[in-house]
Amino acid sequence: MDEDERYSRQQLIPGWDQFKLDTSSAVLAGIGAIGSYVATVLVSSGIKKLTIIDFDTIETSNLNRQLLFKDEDVGKSKSETAAKRLKEINPNIKIDFFHKKMQDVSVSVYEQADVIVACLDTFIDRRWINSMAVRVKKPLVMGGMFAFLGNAQVIIPHETACFECQPLVPEEELAQACSPFGEERKKDRKEIEIGPPLPAVAPLSSIIGGIMAQEALKLILELGEKLTNYLFYDGLNNAVTIIELEKSKECPACGEMYKLEQIEFVALSTETVKDFRMRLMLTYGLEKPDLMFQGKILDIESFLEDAIKTDKAVIFVLDKNLAQPIKIVLQISD
Ligand SMILES: [Zn+2]
């Protein structure tokens with residue numbers, strides 16, 4: 001087959017560089033409804049290599065929207081079956097698959113990608129892939145859906161807001177841990193129970209999958225504006241809302257301060273936050289520091305013991321005289 005002919009229509013687009021696609025690779029985490037669509041687009045468009053990661057098997061209830069799968073596939077591996085179908089669509093593409101949890105795939109697989117695309121349905125998995133993208137410093141395209149509602153976002157680690165910088169993740173989810181940077185945070189990570197099945201339809205997955213695939217292509221081709229804010233789509237009312245996101249310095253995944261060296265302090269149970277702050281001001285020559293615990297600034301009138309309610313709490317000290325926060329491990333003695 002004439003490969004120039006295959007890609008001839010997209011090459012009519014100003015700025016389209018097929019060579020860039022032909023030398024790029026993507027990792028796709030999750031090949032359900034949205035993932036099937038993203039994979040089909042990337043493979044049809046002529047990306048060099050696609051790596052699919054999914055440990056799931058195909059169920060009858062997937063067939064209304066997971067367009068790469070047929071009746072006869074029920075019970076088979078999603079990643080393997082998708083790889084086979086995608087090879088039929090475009091035999092020129094190198095397609096690897098891992099029928100595994102993404103957490104069990106070697107870091108080197110993520111490191112080698114030019115872009116990571118995550119089509120995952122749980123917060124814990126999204127948080128994990130986000131922290132992996134931050135760790136290997138690769139652009140991440142994320143998205144999800146619920147019935148006729150969908151969202152999409154592009155994350156450029158250390159440049160734009162990551163999944164955890166944004167205020168849209170429920171706080172109880174943020175309180176859990178999955179950053180590969182922090183072993184102690186990892187330890188108290190709770191497993192989220194897989195809840196009841198979520199409502200899902202084909203058109204929404206094609207729309208969100210289409211936006212995500214488009215963002216992945218734009219990243220590779222270095223075309224247009226990146227969707228680094230949060231796009232929210234309501235299919236029932238044909239409404240698109242873009243929520244502006246800001247990168248957060250206190251972010252548990254991409255914030256700098258979680259990597260700092262820590263300093264140990266002992267405080268008395270009778271000390272207030274104000275008393276302790278005064279000590280820090282004298283010790284470090286600070287002007288008016290804020291003390292932050294678990295992402296919140298402590299009320300200076302409260303007693304330290306009441307404010308932090310845990311032994312060996314990690315507190316960050318923020319002050320305009322500091323180029324970066326001071327990380328303190330605080331022990332309270334009676
Ligand atoms: Zn972040």
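What is the geometry of the site of the zinc ion, given the angles among its 4 donor atoms? The site is tetrahedral, with angles of 93 to 120° among the donors; four donors count as tetrahedral if all angles lie between 85 and 135 degrees. Ideal angles for four tetrahedral donors are 109.5 degrees.

This is a predicted model, in which local features need pLDDT of at least 70 and side-chain atom pairs count only at pLDDT 80 or more, while totals for chains, interfaces and linings use all residues. Residues are numbered from 1 along each chain as its sequence is written, and side-chain values use heavy atoms, with hydrogens and water left out.

The zinc ion is coordinated by the SG atoms of Cys-162, Cys-165, Cys-251 and Cys-254 at 2.2 to 2.3 Å. Donors are N, O and S atoms within 2.8 Å of the metal (3.2 Å for Na, K and Ca), and water is not among the atoms, so sites may look incomplete. Along the chain the donors follow the spacing C-x2-C-x85-C-x2-C. Cys-251 and Cys-254 are both buried (under 20% relative accessible area; exposed is over 50% and partly exposed in between, with a 1.4 Å probe and protein chains only).

The structure holds 3 aromatic pairs, meaning rings of Phe, Tyr and Trp (its six-membered ring) with centres within 6.5 Å; planes under 30 degrees apart count as stacked, over 60 as edge-to-face and the rest as tilted.

Phe-123 is partly exposed at 27% relative accessibility, whereas Phe-163 is buried at 5%. Phe-265 in strand S9 (residues 262-268) and Phe-276 in helix H10 (residues 273-284) tie together parts that are 11 residues apart in sequence. Phe-265 is buried with a relative accessible area of 12%, and Phe-276 is buried with 0%.

The protein chain has 11 helices and 13 strands, taken as DSSP runs numbered from the N terminus (helices H or I, at least four residues; strands E, at least two). Of its 334 residues, 50% count as buried. Among contacts (heavy atoms within 4.5 Å) with a separation of 6 or more, 63% are between residues 24 or more positions apart.

Conventions:
Four donors count as tetrahedral if all angles lie between 85 and 135 degrees; four count as square planar and six as octahedral if opposite donors are over 155 degrees apart and all others between 65 and 115; anything else is irregular.
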